[in-house]
Amino acid sequence: MALRHIREIGDEILTKKCREVKAMTPHLKELISDMLETMYDAEGVGLAAPQVGVLRQIVVIDIGEGPIVLVNPRIIEQDGEQEGNEGCLSVPGKAGVVVRPNHVVAEGLNENMEPVRIEGEELLARAICHELDHLQGVMYTSKVKGELFDTASEEDSEEDSEAYEEEQ
Ligand code: ZN
């Protein structure tokens, strides 16, 4: 396992669509392990393969309830609406308000290419949407209502600082 370099906004790879994973390989398993380690090291709640420079349909998520690995994920159901702050490990120090569905069901494969179905509300629903967008080359910054704001300068405000730690 090794930490991978997280690509930042402005890097063209973050705007490209990812290819489907046809077969799991030792190389891709190592990528998944590295993505989890990199996400935890950066204290993010999610990470998509293009964020570490690999254009494959792989995301990892952990909102504090244990790691989720999704290969070739698709959202199959979504409903409700939530509006809240969102951040991204590829856009360090920034956050913005994004409207997302409040409830999402996604299907995909795990690291053993076994089918998995993930159902999430609130933060998990937000993280699933955010990470799956990365696989389409879509950054949350294109969906922000209003302006991005600087999270560091908000630390002394009355607002809940936890909201800014949810970088994906
Ligand atoms: Zn992100």
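## Charge and overall form

The protein chain carries 15 positive and 36 negative side chains, and the centres of these two sets are 13 Å apart. The structure is a predicted model, and every value in this report is to be read with that in mind.

Taken along the principal axes, the C-alpha atoms fill a box of roughly 45 × 35 × 30 Å. The accessible surface of the protein chain amounts to about 8400 Å², with 45% of it belonging to carbon and sulfur atoms, while buried residues account for 46% of the 168 residues.

## Order of helices and strands

The protein chain contains 2 helices and 8 strands, and these elements follow one another along the sequence in the pattern α-β-β-β-β-β-β-β-α-β. When contacts in the protein chain between residues at least 6 apart in sequence are considered, 68% of them join residues that are at least 24 apart.

## Helix α1: M39 and D41

Helix α1, which spans residues 26–41, includes M39, and D41 is also found in this helix. M39 has a relative accessibility of 0% and therefore counts as buried, whereas D41, at 53% relative accessibility, counts as exposed.

Leaving aside neighbours within four places in sequence, M39 is in contact with G44, V45, G46, L47, V60, I61 and D62. The C-alpha atoms of M39 and Q168 are separated by 8.2 Å, although these residues lie 129 residues apart along the chain. For D41 and E86, which are 45 residues apart along the chain, the separation of the C-alpha atoms is 19 Å.

## Helix α2 and the residue that follows

Helix α2 comprises the 14 residues 122–135 and reaches 21 Å from its first C-alpha to its last, a span close to the 20 Å expected at 1.5 Å a residue. This helix is mostly covered, with 12 of its 14 residues buried. The buried set includes the charged residues R126, E131 and D133, and also among the buried residues are L124, A125, A127, I128 and C129. H130, L132, H134 and L135 are buried as well.

After α2 comes G137, whose phi is positive and lies near 80 degrees.

## Positive phi at N72 and M113

Most residues other than glycine have a negative phi. Against that background, two residues deserve a separate look when the backbone is inspected. N72, a residue other than glycine, has a positive phi near 50 degrees, and M113, likewise not a glycine, has a positive phi of about 60 degrees.

N72 is found in strand β3, which covers residues 68–79, and because its relative accessibility is 10%, N72 counts as buried. M113 is placed in the loop between β6 (103–109) and β7 (115–121), and at 23% relative accessibility M113 counts as partly exposed.

Technical notes: Residues numbered from 1 in each chain as written. Predicted model: local features only at pLDDT ≥ 70, side-chain atom pairs only at ≥ 80, totals over all residues. Heavy atoms only, no water. Helix = DSSP H or I, 4+ residues; strand = E, 2+ residues; numbered from the N terminus. Expected span 1.5 Å × (residues − 1). Buried < 20%, exposed > 50% of the residue type's maximum accessible area, 1.4 Å probe, protein only. Contact = heavy atoms within 4.5 Å. Areas by Shrake-Rupley, 256 points an atom, 1.4 Å probe, with all protein chains shown as cover. Charge placed at Lys NZ, Arg CZ, Asp CG, Glu CD.
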